[in-house]
Amino acid sequence: MQLTFLTPTTNSISLCEITLSLCHQAEQLTECRLTWKSTAEQYQEIKAHSLFNLKPELRSATTVEFSPDYPIEIQATLKPDRLPDLTPHTASAEATANYLLQLQQETPDHPLLHTENWLALTVKQSQESGEVGYTTLWATLNPAALAAGTISETEIAQALTGFFSDWSEANLGDLTEKTTAQILDEIGNFFNDLADTSIEAIAQINIANDTILSQVIAFFTEDDWSFTKLKGQPVLRVAFQGDNGEWSCYAKVREEQQQFIFYSICPIATPEDKRQAIAEFLTRANYGMTIGNFELDFNDGEIRYKTSIDVEGDRLTFALIKRLVYTNVMMMDEYLPGIKAVIEEDTLPVKAIAAIEQIDTNPSSV
């Protein structure tokens, strides 16, 4: 099957090797999908002009390397608001295909044959080394379910959180506030195209932007930190250079519990024979601290500083994240010389603390 589609610039693009599939629920058409094979050259045209709504901000990855030697398979779904145009012709996939071919001959400018009325779902290519490719927002957030109202607010938030997470991981953490806004605008535009959708539905989607992971990614992006996301985990790894050393930090999100935890990992591991002394040093350091605390793993000697917050019933803001992060790294930087003194110079914990906190170890009685 071959079809020619009109593009927003009134040019046309011909698709070959098309297969068509339909989904029905309670005898009602809920989705129509097209799958076709494109050459590398045609794919570049589709990507360059965002045909079939294949916009950069909606792609889970932007740096996939496709080979010019193999066809690229693209799958798209018809926008739900155009499904009524197909309903009388969906007794079978073959009947629908014949109807589209008829439109191509008799009414080539019909909305069903406009690229902007289709949403790209997946782009993939089978190579000798295996399959490569990416998905789009619409593969994660099913348009048919959105239009039917069968997806809950929680499910929308979870789907968007997963997409934001995958986007950041695939694109090396480059998710910016602008990109996030563009993604949410696309969802808003989707709803605006549905005649029976209220503004409350769009507001429900925007709640996903307030997920903790999204806020944390936005903070580190806007505050100009370099970071990477640990694959498959809601954890970001960042590096910090202080006045007294350099170390790794981890920003961990517990979405279900609505918690954010930030760790600075001391660049020096504690030898087994110094762990009692370091434990005393850290206990003395922790006394009186109001935001965060030091921790020692007696099994491997790892020292870390932890700051955390629980925002259940509230929201995590840029200011709160900044306070937790900067307090954390400043405390590690301040006490790092004392840790080094205890481990490397056999300094007594009480004297190491006194040197940092400027405590008189022999105070006169008052």
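Mentor: The largest nonpolar core has 45 residues, and V216, F220, F260, F262, F281, F294 and Y335 are those with the most contacts inside it. Helix α11 (residues 318-344) gives the largest share of this core, 11 residues. Apart from it lies another core, of 32 residues, with L20, I46, I74 and L83 among them. Please note that this is a predicted model, in which local features need pLDDT of at least 70 and side-chain atom pairs count only at pLDDT 80 or more, while totals for chains, interfaces and linings use all residues. Residues are numbered from 1 along each chain as its sequence is written, and side-chain values use heavy atoms, with hydrogens and water left out.

Trainee: What makes a set of residues a nonpolar core?

Mentor: The term denotes a set of buried Ala, Val, Leu, Ile, Met, Phe, Trp, Tyr and Cys residues joined through side-chain atoms within 4.5 Å.

Trainee: Which residues is F262 in contact with, leaving aside its neighbours within four places in sequence?

Mentor: Contact means heavy atoms within 4.5 Å. With those neighbours set aside, F262 is in contact with F220, V238, C249, Y250, A251, Y305, K306, T307, V325, N328 and V329.

Trainee: Why is F52 called buried?

Mentor: Buried means under 20% relative accessible area, exposed over 50%, and partly exposed in between (1.4 Å probe, protein chains only). The relative accessibility of F52 is 2%, so F52 counts as buried. F52 is placed in the loop between α1 (40-48) and β4 (72-78), and has a positive phi of about 60° although it is not a glycine. Helices (H or I, at least four residues) and strands (E, at least two) are DSSP runs, numbered from the N terminus.

Trainee: Is D224 buried or exposed?

Mentor: D224 has 70% relative accessibility and therefore counts as exposed. D224 lies in the loop between α9 (212-222) and β7 (227-229). Just after α9, D224 takes a positive phi of about 65°, although D224 is not a glycine.

Trainee: Which strands stand at the edges of the open sheet, and why?

Mentor: The sheet is formed by 6 strands in the order β1-β2-β3-β4-β5-β6, with antiparallel pairing. β1 (3-6) and β6 (130-135) stand at the edges because each has a single partner strand, so one side of each is left without a neighbour in the sheet. The twist averages 35° from one strand to the next.

Trainee: What makes β4 and β5 a pair?

Mentor: Two strands pair if DSSP finds at least two bridges between them. β4 and strand β5 (residues 118-127) pair in the antiparallel sense over 6 bridges, and L78 stands opposite W118 in β5.

Methods
Axes fitted to C-alpha atoms, helices over the stretch in contact; angles between N-to-C directions.
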